[in-house]
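Here are my notes on the model, point by point. Please read them with the structure open.

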Amino acid sequence: FRLSSLIGHISTCPSLIGQCCQRHPGSVDEFQEELVIRPLHSGDIYASFQFRTLWDTDFLQEGQKVSHYRLFPKSLGQVLSKFSVRELHISFTQGFWRTMQWGQPFIPSPPGAELWVWFHDTVSDVDGNWKELTNVLSGIFCASLNFIDLTNTVQPSASFKPLGLGNATDHRFLRYATLPREIVCTENLTPWKKLLPCGSKAGLAVLLKSEKLFHSSFHSQAVHIRPVCQDEQCTSKAWELRQTLNVVFDLYTAGQGKKEWSLFKMFSRTLTEACPLATSSKVYVDITDNPELFELSPATPLLSQAVVLGDRRTYSVFDLTRAETFGQLRSLNLLLRWKGDGGEMLRPLLHAERYVAGFGLQTGEIHTVIYNNHPYRAFPVLLMDSVPWYLQLYIHTLTVTSKSRDNKPSYIHYQPAKDRHRPHLLEMLIQLPPHSMTEVTVQFERALLKWTEYTPDPNHGFYVGSSVVSALVPSMVAMNTNFTQDQPLFSSFVPVKEESSYFVRVYTEPLLVNLPTPDFSMPYNVICLTCTVVAVGYGSFYNLLTRTFQVDEPSLPLAKRLANLIRRIRGVPLLT
Amino acid sequence: MNYCNLITIFAFINLLVSIPHGYSNYVETKAGQFFSSGHTNNWAVLVCTSRFWFNYRHVANTLSVYRSVKRLGIPDSHIVLMLADDMACNYRNPKPATVFSHKNMELNVYGDDVEVDYRGYEVTVENFLRVLTGRLPPSTPRSKRLLSDDRSNILIYLTGHGGNGFLKFQDSEEISNMELADAFEQMWQKRRYNELLFIIDTCQGASMYERFYSPNLMALASSQVGEDSLSHQPDLGIGVHLMDKYTFYLLEFLEEVHPASQANMNDLFKVCPQSQCVSTPGHRTDLFQRDPGSVLITDFFGSVRKVEITKDTINLTSPVEPPIKRSGSSDIQIESLTYVDQLPVAEIIHQQDCLEANVTRCRRKQQRTRKLNCQVVEKQTA
């Protein structure tokens, strides 16, 4: 009975905390979760999870350390305050986003791992903080982020402006790095799930089962931390932590060829409850193409319209905080059935590709092709390229052509590489003419690395990170510049400053180039063979040059030899 | 009758005297059991040293030991797992995010809750020795460190391709048995372990423990010098061999061990006799102080905590007061904060003009450029 009194004591504590929090409304943190399902014309299905924790606190305040963490994970909070981080964006992606088939993603990310951080302007040693931060993050996310060092870190001069609040943008405090080779698997998902307030036990996170998530065409999980407006007047800051997971399930591998998707087919789970710690838990299904393309069941009367990525889309909303969403069976399983052929998808306005041209292992050429599919509007794009030092770029061969005419960029920033110290950085602001293809080419030469610098599998090749194309694309409908509290999360990630255009970031493919590789397989045999050839060749040559020939006397018979022996003793001349 | 009474009284007094004595004996035996093994925490270092898809079985070996060790109680924070290549999310894997140990995909040893500390190119001889000896760079996170002390029992499991006196790491470097023995000696001198169990599953594995010379080490190997360790069974769906024979039977043995089991090391030595394994497993116990028969399996593979249940009440402290909101913020008139422009085209072009102006100034061309409000362009640090 003592134990029961203990339990009774514990159960009164949340109500106490609730009371004390109501006394100080500003310091409460809130959590929202959201899932957006967008059926694609090709029969694939795109699901995007967003988990947002908003907390009004100041990690960077001098003297006062934040010690009471509730929904915000303590590991990330300590990282922010120790390294004076203003903004942190990290993403792990497996697969490549196919813009032409799938449209634009809500949150773009390049293949592999990408990390970019804005530090506070009180930091004196940005490089030192960056190095320690990458090591700490590699422990938190079980990834090899400790391979990020000065040879693959760049400091962009115009790209990657902060996505959060702020005035001054001194690019000395920005660092960007990408690891295109990084593998994403369950060991990265496990710590990511553990950062969520409900873990993977309740709410939308129960759907995150690794066996289904990694059996997909595209899987990307990311963490974005930035300061945002706390309310509509925007007088004070709050810290926002967004954990996003984008996954595209393929029709043939995960869908077994049938154009019919349900939550159970995608995730092998259904939803049974919302996360109790969440203030809002919603599932949005994009029904703009309904009923021509597909039909959705169970039908719901709740509809919502949102302007996202320059287009007005209609969504069916399933609110998980309401019990009637789950129906009789106490579980929600959405079913989407395709009706007939999809027809053509609207072509995305901005699209980019990159490839390596040339032959042999000495030189090559990098081609980056950017497409502007708008029929009559031209718009500028900022192209950022970060090439490792072992591909030595010849910048005098850089050409930018649009519609087979030279197109001079209005801004070029080039930082040459230093062998084994820093990579190339090329940033250009290019004006894309309407309905055109712009090609950027630059020649390079492959370097021969020292034999210890090769990876254990050098014949696989070396990766070059994706190029980043940032642009303000003209929008088809007026974008919403007002910030409202109940805006869905997927439409409020990128801040909108003007109505006529929206900001988009497109990543190209990473490149895989072969460097001239020595033959590591048979050093002993090679040494033996080489030594033998050298010995035989040199030895023969030496003999030819230095050997002298002498005529040899024929040998005497035994009797004459004995006689010679006696004659020698007597001291008399010998017989021949 | 008096005599009878006397006997009963005498017996009663005897009983009274022996009960507290028996009770103190009970307490002593309990206390003795509590401290018999001498360790207070458990660590595990599990290493797979092979790269490439056809070495799937080495990753499966390591993950099955990881699974058993987690199941018996050692938490992720006390396990350093090093996998030299990724098999679960390898593009050749027909079932992504899974690593199977039994054919027909019966047992997924990768699971849903796995934390790999060193992966891919990070698994090198240098990192392995640094983890063992504790000489890591200061910014290494906790999950990558072996934070053991002199009361830790450590389990070290190595698997991969090996030969007489060496173990190959990732097809490009090797660790020799002398280096390993020296590393253990460093650990002993720095008091980084109480007892250490070393298991190795490679060809000619017994050669790796020949040179050990530090106390409190027990070693097991899957084959003797001159013998090869063989793989167990292929799966035709996945196309590779799934496990090595020794670790397969070791996993079967460990699946029957539960946290309270009393199985001891002698049972472990009997795992996989030559009839099943084809190679002869070996073991070495001469450096170990205790008798192997008295060493429980859970002393190394599990993390068995002895708990004492208390019936006293505990007073919880009062709830934490949240930090007082900064006063004075409501008095000052704050202008509303704004987001930064994502692609400020005009500003970027202005930056270009500033750069060009600086260049012309450097060349001392004395050109009257129009008055630009350029910020002082600091020299960018290299």
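1. Chain B and chain A bury about 6100 Å² between them. Carbon and sulfur atoms carry 56% of that area. Buried area is the accessible area (1.4 Å probe) that two parts lose on being put together, summed over both. The contact draws 81 residues from chain A and 60 residues from chain B; contact means heavy atoms within 4.5 Å. R119(B), Y339(B) and Q342(B) supply 15% of the area that chain B buries against chain A, more than any other three residues.

2. A word on the basis. This is a predicted model, in which local features need pLDDT of at least 70 and side-chain atom pairs count only at pLDDT 80 or more, while totals for chains, interfaces and linings use all residues. Residues are numbered from 1 along each chain as its sequence is written, chains are lettered from A and ligands numbered from 1 in the order in which they are written, and side-chain values use heavy atoms, with hydrogens and water left out.

3. Look next at a helix pair in chain B. The axes of α3(B) (residues 125–133) and α4(B) (residues 177–189) come within 9 Å and cross at roughly 25°. That makes α3(B) roughly parallel to α4(B). Angles under 35 degrees count as roughly parallel, over 145 as roughly antiparallel, 65 to 115 as roughly perpendicular and the rest as oblique. Axes are lines fitted to C-alpha atoms, for helices over the stretch in contact, and angles run from 0 to 180 degrees between N-to-C directions. Helices (H or I, at least four residues) and strands (E, at least two) are DSSP runs, numbered from the N terminus.

4. The crossing of α3(B) and α4(B) is right-handed: the near helix is turned clockwise from the far one by less than a right angle. From α3(B), V125(B), F128(B), L129(B), L132(B) and T133(B) take part. They meet E179(B), L180(B), A183(B), F184(B), Q186(B) and M187(B) in α4(B). By class, this contact has 8 nonpolar, 2 polar and 1 charged residues. Ala, Val, Leu, Ile, Met, Phe, Trp, Tyr, Cys and Pro count as nonpolar, Asp, Glu, Lys and Arg as charged, and the others, Gly among them, as polar.

5. Chain A has a helix pair to check too. Helix α2(A) (residues 74–83) and helix α4(A) (residues 126–141) have axes that come within 11 Å and cross at roughly 175°. The two are therefore roughly antiparallel to each other. S75(A), L76(A), V79(A), K82(A) and F83(A) in α2(A) meet N129(A), E132(A), L133(A), V136(A) and I140(A) in α4(A). These residues divide into 6 nonpolar, 2 polar and 2 charged.

6. Now a sheet of chain A. Five strands form an open sheet in the order β20-β21-β17-β24-β25, with antiparallel pairing. Two strands pair if DSSP finds at least two bridges between them. The edge strands are β20 (411–415) and β25 (501–507). The twist averages 15° from one strand to the next. Within this sheet, 4 bridges join β17 (residues 379–387) to β24 (residues 468–474). V381(A) has A471(A) as its bridge partner in β24(A).

7. Another open sheet of 5 strands in chain A runs β15-β16-β22-β18-β19, with antiparallel pairing. β15 (350–357) and β19 (405–406) stand at the edges with a single partner strand each, so one side of each is left without a neighbour in the sheet. Strands β18 (residues 391–402) and β22 (residues 436–446) are joined by 8 bridges. T399(A) stands opposite T441(A) in β22(A).

8. In chain B, check the hairpin of β6(B) and β7(B), with 3 residues between the strands. β6 (residues 166–169) and β7 (residues 173–176) pair in the antiparallel sense over 4 bridges. K168(B) has E174(B) as its bridge partner. In the turn, Q170(B) has a positive phi of about 55°.

9. Some backbone geometry deserves a look. Most residues other than glycine have a negative phi, and most peptide bonds are trans. S84(A), not a glycine, has a positive phi of about 55°; S84(A) lies in the loop between α2 and β3 (85–94). K403(A) has a positive phi near 50° and lies in the loop between β18 and β19. A cis peptide bond joins S297(A) and P298(A), with omega about 0°. P298(A) is in the loop between β11 (294–297) and β12 (303–308) of chain A.
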